[in-house]
Amino acid sequence: MRTITKKKFYLIMTVVCAVVIVIMLGVRFVDASDSSTPKYKYYTSYKVKANDTLTSIAEEYTKDTNISVSDYISDLKNDNRLNDDEITEGKNIIISYYSDIKK
């Protein structure tokens, strides 16, 4: 049976720890998502205009994001407790928008 000296043991443990640290830092700093996607989601009130639809609002507010129009519409319906796609001109609804800037 082969024995490991204290010096070799500490060297092996140091190398193992260094590898673990490098892996952890790599996982933390590598982002697999699209870097052009805004990172922060915010909410605001939106006054419904003539000819607005959930789809037209979703198309406007999902530009430059990887959020699908259908997902955004689902969020709009949930956030505003809507049972269908009907919205009324002049009413206020809650909409979400995305930004790279933390507010």
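I take buried to mean under 20% relative accessible area, exposed over 50%, and partly exposed in between, with a 1.4 Å probe and protein chains only. On that scale, buried residues make up 20% of the 103 residues in the protein.

**Entry: ground rules.** The model is predicted, so I note that local features need pLDDT of at least 70 and side-chain atom pairs count only at pLDDT 80 or more, while totals for chains, interfaces and linings use all residues. Residues are numbered from 1 along each chain as its sequence is written, and side-chain values use heavy atoms, with hydrogens and water left out.

**Entry: fold.** I looked up the secondary structure, with helices (H or I, at least four residues) and strands (E, at least two) taken as DSSP runs numbered from the N terminus. The protein has 3 helices and 2 strands, and from the N terminus on the elements run α-β-α-α-β. I then turned to contacts, meaning heavy atoms within 4.5 Å. Of the contacts with a separation of 6 or more, 69% are between residues 24 or more positions apart.

**Entry: core.** I define a nonpolar core as a set of buried Ala, Val, Leu, Ile, Met, Phe, Trp, Tyr and Cys residues joined through side-chain atoms within 4.5 Å. The largest one has 12 residues: Tyr46, Val48, Leu54, Ile57, Ala58, Tyr72, Ile73, Leu76, Ile87, Ile93, Ile95 and Tyr98. At least two residues of this core come from each of α2, α3 and β2. I picked Leu54 and listed its contacts beyond four places in sequence: Ile73, Leu76, Lys77, Leu82, Asp84, Asp85 and Ile87. In soluble globular proteins, nonpolar side chains tend to be buried together.

**Entry: Thr44.** Thr44 is found in strand β1, residues 40-47. Its C-alpha atom is 5.6 Å from that of Ile95, 51 residues apart along the chain. Outside four places in sequence, Thr44 is in contact with Ile93, Ile94, Ile95 and Tyr97. Thr44 counts as partly exposed because its relative accessibility is 34%.

**Entry: aromatic pairs.** I count rings of Phe, Tyr and Trp (its six-membered ring) as paired if their centres lie within 6.5 Å; planes under 30 degrees apart are stacked, over 60 edge-to-face, and the rest tilted. The structure holds 4 aromatic pairs. The rings of Phe9 and Tyr10 have centres 5.8 Å apart and planes at 65°, so I log the pair as edge-to-face. Phe9 is partly exposed at 43%, and Tyr10 is exposed at 52%. Tyr46 and Tyr61 are also edge-to-face, because their planes are at 80°, with ring centres 6.2 Å apart. Tyr46 lies in strand β1 and Tyr61 in helix α2, so this pair ties together parts that are 15 residues apart in sequence. Tyr46 is buried at 10%, whereas Tyr61 is partly exposed at 27%. I also noted one aromatic cluster, formed by Tyr40, Tyr42 and Tyr97.

**Entry: salt bridges.** The rule I used asks for a side-chain nitrogen of Lys or Arg within 4 Å of a carboxyl oxygen of Asp or Glu. By this rule the count is 3. Asp75 bridges to Lys41, with the closest N and O atoms 3.6 Å apart. Asp75 is in helix α3 and Lys41 in strand β1, so the pair ties together parts that are 34 residues apart in sequence. Asp75 is partly exposed at 27%, as is Lys41 at 35%. Lys63 bridges to Glu60 at 3.3 Å between the closest N and O atoms. Asp85 and Lys77 meet at 3.0 Å, N to O; Asp85 is partly exposed at 47% and Lys77 at 24%.

**Entry: surface.** Accessible areas come from the Shrake-Rupley method with a 1.4 Å probe; for residues, only the protein chains shown count as cover. The total is about 8,500 Å², of which 56% belongs to carbon and sulfur atoms. For patches, I use residues with over 30% relative accessible area and no salt bridge, joining like charges within 9 Å and nonpolar side chains (Val, Leu, Ile, Met, Phe, Trp, Tyr) within 5 Å. Ile4, Phe9, Tyr10, Ile12, Met13, Val16, Val20 and Met24 form a nonpolar patch with about 790 Å² of accessible area together. Ile12 is in helix α1, residues 6-29, and is partly exposed at 46%.

**Entry: positive phi.** Asn51, a residue other than glycine, has a positive phi near 70°. Asn51 sits in the loop between β1 and α2 and is exposed at 77%. Arg81 has a positive phi near 50° and lies in the loop between α3 and β2.
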